[in-house]
Structure formats: structure tokens, C-alpha cells
Amino acid sequence: MVNKHQRHTNLLEDEVIRQLKEMSFEATKRTTGIHYQKQVQILKKTMKPFEANWNRERRMKSFSLGMDGHSFSKHDMVLTVTNLNIPRVISILHTDSKNDIDKFLNNIPKDIKQKINAVCIDMSAGYRSSIEKHLSSSKIVIDKFHIIQDANSRIDQERVIINEMTGTDAPKKLFLINKENLTERQQKLIDKWFKKIPDLKTLWSYKEDIRQMYASDDYQQAKRRLDTIISGLYKQQSKVTSDWAKTLERWYEPILNYFDYMITNGYTEGMHTKFKLLKRVGFGFKNKDVYIRKMALGCLPLALLLPH
């Protein structure tokens, strides 16, 4: 039987967790009277995001993982691992380094590994290497939004170079608009720029071809369209287009695997948007361990956290 003191302590700790889920440490201190260090102790006691709990996955026949990095501070990255089917955050790793990813994947129980049919990532060679080593039976799927983002990045890099070399001022945002979203005025404007800078038109057209590839009805149609894109890029006989073609070849199967599994990291990146909001509310974080536990707390329903 829980004594009065322990019951009071449990209730107070529960209230701290309720507050911390959406509020800053400072705001929680104002409402509960609990100082920062004690809040951190309660947070560490409650949240263990580095110890993946696979209980829900054990009840599933199969599922897909999502893996995506986000910034803790400038270039200091952490890695979010999600179940894309439920969906939920499984773990947040201290870094997105190959060593940390290898350790996490290696520690996944064998019965769970057998259930992971696919892993969605961006075009990271390190992620790919780790997955192929530790999840050899799982298919790698490149997030389609990263492929389109990469295409837009190549267009913008070329625009910047051309502007610097020719003294033109081709606008950035215009070339990032999808074809069907161009207004009549924007269409006339982009056509004008394409006459001045044919190389931009070439890259923009292939970006639109990639978007059309992702609208394919099935794997085989997507494969034919991707083959045409790669062949066309090589025929341009420029370093820019050849490099792009080589990238698409290097990630050929993972790109096409999308049509078998139809997964993206939309949920994972949605969590990163929530993390940014929580970071802003908390006025930033200096301690990465505390940051990760706080972000993990923000992902979970209170019903799973507070059994008292």
C-alpha cells in the first residue's frame, strides 16, 4: 500500500510531467514550484528514449521504420527513429553518426528485425551502409520528397552560378514552383527566363519529369520513366546533368522501392516540426540529453506515461 508521502510525491511528479509535455522548464517551475534540477530528475526517471521499447511492434505482423536526422544545435545532429505504420517515435539517438546507428540497429531484437519490411531514409550513404549491414532483409526506400528536394537544390545551385557569371538576377522562388501551380503571370515570367537561360529550363524540366515519375500507377511504369530520365540526363553531356544521373543510378532501387511500400518520412519530419516548436517554447536547450528526453516526452500520450 502506498503511504501518504509517496502518493503526494507521485502526484507531484505526474503534474510536473503533464506541464513539461507542452511547457518550458521555467513555466513548469512557476506552476508547480519545482526547480529545474528536480524537474530534470523527474524527466530522466520517466523518459528513457535511448532504450527502445518494441512491445507494440511485437504485436504487428510487419512494419516500416523511418530514420531522419534533425539539428540539436547548428551542425550537431540527432537521429529520430519512427514506426511509420502506427505511427510513433521509437527512439531518438544522440547523434546521426554511423557508430550510433550501427549500435541501435544491432541491438534490435531478432524477432523484431524479421518484421521490418522497409526503412525510409534520405540519400545518406552512412544510413544505407548501416541498414544493409544490420537489416539485410529490409528494403531501403528513399523518401520521395528528398529526391524532389535534391532536384530543386540542383536547379538553385545552377541559378546561383549563372547569376554570378552573367550578372543576371534570376529569382529563386520562381523555379521552385511546381508546374501545375504556376499562375499565368508566373508561366510567362519563367518562359522568359528559360529563353535567357536554357540550362535552367533543362534542369527544371527533368525535375518535373521526376515528379511525374512519382505519379506513376505502378513500379514498372515508374521504372520506365526513371530509365528515360537517367538516359536523358546523360544525353545532355554536361557535368551537372551527368552527376545528377549518377546519383539517380546510385539510388535506383531504393527510389523505385517506394512503389512497393508507398512510405515517406512525412510523419518523422512532422515530429521534427513539433520539436522545433518545443525548442522555441523552451528557449533553446544546452544539454542534449535533457533535450532528447524533453522531445520524446512531447511525442507520447499522457495515458502511457502516468500509471499512478
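A crossing of two helices is called left-handed if the near helix is turned anticlockwise from the far one by less than a right angle, and right-handed if clockwise.

**View 1. Helix α11 meets helix α12 in a left-handed crossing.** In this predicted model, α11 (residues 219-235) packs against α12 (residues 239-250) at an angle of about 150°, and their axes lie 8 Å apart. That makes the two helices roughly antiparallel (a word for angles over 145 degrees). Helices here are DSSP runs of H or I with at least four residues, and strands are runs of E with at least two.

**View 2. Here are the residues where α11 touches α12.** Look on α11 for Leu 226, Ile 229, Ile 230, Leu 233 and Tyr 234. Their partners on α12 include Trp 244, Ala 245 and Leu 248; contact means heavy atoms within 4.5 Å.

**View 3. Strand β1 (residues 63-73) is largely enclosed by the rest of the structure, because 9 of its 11 residues are buried.** Buried means under 20% relative accessible area, with a 1.4 Å probe and protein chains only.

**View 4. β1 is joined to β2 and to β4.** With β2 (residues 76-83), β1 runs antiparallel through 8 bridges, and Asp 68 has Thr 80 as its bridge partner. These two strands form a hairpin with 2 residues between them, and Lys 74 in the turn has a positive phi of about 55°. With β4 (residues 116-121), β1 runs parallel through 4 bridges, and Gly 66 stands opposite Cys 120.

**Notes.** Residues are numbered from 1 along each chain as its sequence is written. Local features need pLDDT of at least 70, side-chain atom pairs count only at pLDDT 80 or more, totals for chains, interfaces and linings use all residues, and side-chain values use heavy atoms, leaving out hydrogens and water.

Notes
Axes are lines fitted to C-alpha atoms, for helices over the stretch in contact, and angles run from 0 to 180 degrees between N-to-C directions. Angles under 35 degrees count as roughly parallel, over 145 as roughly antiparallel, 65 to 115 as roughly perpendicular and the rest as oblique. Buried means under 20% relative accessible area, exposed over 50%, partly exposed in between (1.4 Å probe, protein chains only). Two strands pair if DSSP finds at least two bridges between them.
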